[in-house]
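Please work through the exercises below with the sequence and the model open beside you. Each task sentence is followed by a solution that goes step by step.

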2 protein chains.
Amino acid sequence: MLKRHLPILSWLPHYNRRLCGADLLAGVIVTVMVIPQSLAYAILAGLPAVVGLYASLLPLLAYAVLGTSRTLAVGPVAIVALMTGAALARVATPGSPEYLQAALVLSLLSGLMLIAMGLLRMGFLANFLSHPVIGGFLSASGILIAASQAGHLLGIDVETSDLLPRLAEIARELPQLHAPTFAIGIGTLLFLLLMRRRGARILKRLRMPASLAELVARAGPVFAVIVTTWVTRRFDLDAQGVAVIGDIPQGLPPLTLPGFDPSLWQDLLVPAFLISVVGFIESVSMGQMLAARRRERISPNQELVGLGGANLAASITAGMPVTGGLSRTVINYDAGARTPMAGIFAAAGIGLVTLFFTPLLYHLPIATLAATITVSILTLVDVPMIRQTWRYSRSDFSAMAVTIVLTLGNGVEAGIIGGVALSIGLFLYRTSRPHSALVGRIPGTEHFRNVVRHDTETSSHLALLRIDESLYFANARYLEDTVYDLVATHPELEHVVLICSAVNLVDASALESLDAINARLKDSRVTLHLAEVKGPVMDQLKRSDFLDVMTGRVFLSTYAAWRELAKPST
Amino acid sequence: MLKRHLPILSWLPHYNRRLCGADLLAGVIVTVMVIPQSLAYAILAGLPAVVGLYASLLPLLAYAVLGTSRTLAVGPVAIVALMTGAALARVATPGSPEYLQAALVLSLLSGLMLIAMGLLRMGFLANFLSHPVIGGFLSASGILIAASQAGHLLGIDVETSDLLPRLAEIARELPQLHAPTFAIGIGTLLFLLLMRRRGARILKRLRMPASLAELVARAGPVFAVIVTTWVTRRFDLDAQGVAVIGDIPQGLPPLTLPGFDPSLWQDLLVPAFLISVVGFIESVSMGQMLAARRRERISPNQELVGLGGANLAASITAGMPVTGGLSRTVINYDAGARTPMAGIFAAAGIGLVTLFFTPLLYHLPIATLAATITVSILTLVDVPMIRQTWRYSRSDFSAMAVTIVLTLGNGVEAGIIGGVALSIGLFLYRTSRPHSALVGRIPGTEHFRNVVRHDTETSSHLALLRIDESLYFANARYLEDTVYDLVATHPELEHVVLICSAVNLVDASALESLDAINARLKDSRVTLHLAEVKGPVMDQLKRSDFLDVMTGRVFLSTYAAWRELAKPST
């Protein structure tokens, strides 16, 4: 019981020196690798860069205690930072104390919601974000993030925030671009793309061991940060107008208490919920993938608690919403992390940096960070997946297309909500016309098949209608129409048997429809029967008076109904 | 084609003197009967009484031309009037010109939406209002309407509009009630209740022919109007403070043009949609019931157009939103109407009243109308239905309870939206855990049944998993878990066969899950097969590369899979 709620108890007692060595190495590597990321995502959310570091301290400890994945690394991630920025910009001005305060409230709400969902075992809610909607959302978010970074990359001050006006403004201002910034930004971008696409291969050709080559190639952003910071400092480029990080306060994060302002809390409820769900999906799907590779298992509901704890921790240490991040987790995993202790070591490392080394980051150009973000989000734009979805199902594709268009045009929240609503709507529409088939007997057997597709024996006095879906409010009326049409077109009918082998549910609306069908058939002197009703459905029907008023009987099998009612005519 | 869009063409050419006689009588009776109703519902919506008469003129002609029901009578009805009042009160002050203008815009929007839904064949949208939600909504609306009339009945000026504060205010002010108004209101109420419950029986005992007795009993409101108006006039009760209808402008309605004010239109979009859908459901369910009795058929999509036309007509003749009304339709039907010509005659009759007889209505007490409304909405509160739903299904009951609570506490729109959202949510939740069963062979046959419920032959190397629901985003993940658990608990497994006989759909998310299952089983050296895949599902799977990467085969029948893969161990 205690172990289920405090997963740390399942590994800490068996912790040993061998595990510690592996985790320590991973912790050091993660520390170095995630610093540029953490700064960049804080800026993406419109927050001071240092907030990204603060959000990589206590939240890691909280997750290490509460989370079930051995290798997941939490912290600020691109999508959540984008959603955070969009939510905060609506309630406060970037740069103001209210904006910082709102970020804390957002973390707090998100933390509380995640924990509540975990304790109430509501992880299933994430299933309602279908793959096409998530895929479309990530692709569109990637484009939004790239557009948000374009100004930093080129050294152009952009004022509009909507996608199309922003792109137009950038195009208009292109002649005024700031050459040194542009050189740093585009240079870093090309270098990072090269490292990502070819780095490992080139290093291996230079006789570097494969695993080290992979790691070094992934350290591209770290080299870029070191080199561009040094160049900027050496040539005083910040005096010439290259935007740099500047002063970062030294020391551990202050303890903060998110204030209670009912109207602010209310405004942030929906964004906090969406951030929680999206963050959870990103985190848990990666956690499951990595756990599967090592034949471990994670518990989605406890993961909610772990991520919730991490966000609560962020809210009391001047942080921002966090979740399990793709790139930092892959770094952690590849660097050989074995237990969440690696996360604790990384937190310690980032703590040391925050305490002593932030002055070194003064000359780090914003353009370098923009290039880092841009390259890392390129993987989000998944064109092959879009093409596959188009080929596989127009209906899934339309949910995806709506998600993309709404995300690009109306923002991240509209995109998710619209996509989910449409995919639910399409599903309901599809089930609102339940598949049904008239069946006949395969001669000489007890099998019954669709009369259209098979050579069957039928009786003109008897209609055997197999219903292929559960009956509920959205499709009950359609069943009525089907039966009425059947009776209207078959004047010799005396018996209609509804074969319910695929019916798992008859809700109150469908019960009304069955009642109506029974009454209407009675008026037409046709008897209504049921066959192959499942146990739970039968139990429920017995709680109404339908079975008493039904004109016919309930048969255990279709064959029993046939034997009793058919007067074979073919 | 023309006949489909102008149903009048299907009956007018065959119109004859016999039909005309029947329709004329019905038209006269409806004229007399619906005048109190029409005035009362206009007042319920916060509009001048005369608007109710205007809304019973041109809309009837429009429906006669465009509607498919022979006997449906359109006009202002209680629920729609309640919803209209709630929507208008949010955008304008009752009594102001803006309020009247908003009523026209609401009718126009509702008309346009109904016509659009009809032309786009979207009548199925109405199916998403499940029976429990409609039932709960009508019951709660009945209570709201009764509460809104209580002040008029008792002669108390009530200022609050929310249910509980309103009841509290009435209770507090009870000692100040206006005795003459109270006498008229409660007297009328008791008289109408008596007529409704016992009227026909008493009259029949007095040797009146049965059909006439029914009609006279239903004319209770007309007698009440005549008597109380006469009493009020005779004893100058209006001078003593009994509220009366007062001056009603004489003459036909003015032609009006709903103005275009974007922000007003936007505010009224959602209410107009809800009014359209609720009005359509009330109207079409009654139309179907009556059509069935006479073996006629109505077309739901053309009904949308007919009701839409009626609302457009209301919007250009100073009216209010209308729909097919329960009580006026029953009166029309029982009075012997045969064709929509009866509606045209009724419109002509109400036109005559509006032209010449409105001064007679000057002394009609508001309390009489309040009593009329109260008695007629009592039928909406359907306690037995609530009890049955509770017995039949807790889940349906909870949707109903939420609808009732939200309607009473937060208003009609919150009630409907909340109820629909919850019933959809509950359905999705139920399907999000698809039923599945391990099946085994009934020895010596080709039949396979649930191993838990039947005595079956199984093989420890082979799992036959029957999936009882379509696979889509909300339940795909659950299937993954089921299969993984199966493999984890059966170490000897070599083959898993998913029996897809009940799967009508595999959407893109479920396809990803199948892919994931296949990959995970491959890692565990277990082969994945499918069996009994339906034709359309197979066609769709072929559009992806799943069948190429799947480790196993697709079997036509479970028995074929068994023959191939089983090494019987029991």
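**Exercise 1: Domains of chain A**

The centres of domain 1 of chain A and domain 2 of chain A, taken over C-alpha atoms, are separated by 56 Å. State which residues belong to each of these domains of chain A.

Solution. The assignment for chain A places 2–8 + 19–155 + 178–396 in domain 1 and 436–565 in domain 2, where the bounds come from an automatic or database domain assignment. Before going on, note that this is a predicted model, in which local features need pLDDT of at least 70 and side-chain atom pairs count only at pLDDT 80 or more, while totals for chains, interfaces and linings use all residues. Residues are numbered from 1 along each chain as its sequence is written, chains are lettered from A and ligands numbered from 1 in the order in which they are written, and side-chain values use heavy atoms, with hydrogens and water left out.

**Exercise 2: Two helix pairs in chain A**

Solution. Begin with helix α5 (residues 58–66) of chain A and helix α14 (residues 300–315) of chain A, which pack at an angle of about 155° with their axes 8 Å apart; helices here are DSSP runs of H or I with at least four residues, and strands are E runs of at least two. Axes are lines fitted to C-alpha atoms, for helices over the stretch in contact, and the angles run from 0 to 180 degrees between N-to-C directions. On the α5(A) side, the contact (heavy atoms within 4.5 Å) is made by L58(A), P59(A), A62(A), Y63(A) and L66(A).

Next, take helix α19 (residues 394–410) of chain A and helix α20 (residues 412–431) of chain A, whose axes come within 7 Å and cross at roughly 160°.

**Exercise 3: A helix pair in chain B**

Determine how α3(B) is oriented to α17(B).

Solution. Helix α3 (residues 17–44) of chain B and helix α17 (residues 366–377) of chain B pack at an angle of about 95°, and their axes are 9 Å apart. That angle makes α3(B) roughly perpendicular to α17(B). The contact includes P36(B) and L39(B) from α3(B), and I366(B) and L369(B) from α17(B).

**Exercise 4: Loop residues of chain A**

Locate R121(A), D236(A) and E446(A), and describe what has been computed for them.

Solution. R121(A) sits in the loop between α7 (97–119) and α8 (131–154) of chain A, and its phi is near 55°, a positive value in a residue other than glycine. D236(A) lies in the loop between α12 (220–234) and α13 (262–293) of chain A, with a positive phi near 50°. Most residues other than glycine have a negative phi. At 46% relative accessibility, D236(A) counts as partly exposed, the class between buried (under 20% relative accessible area) and exposed (over 50%), for a 1.4 Å probe and protein chains only.

E446(A) is in the loop between β3 (436–441) and β4 (448–450) of chain A, and it counts as partly exposed at 49% relative accessibility. The C-alpha atoms of E446(A) and R563(A) are separated by 9.9 Å, although these residues are 117 residues apart along the chain.

Key: Parallel < 35°, antiparallel > 145°, perpendicular 65-115°, else oblique.
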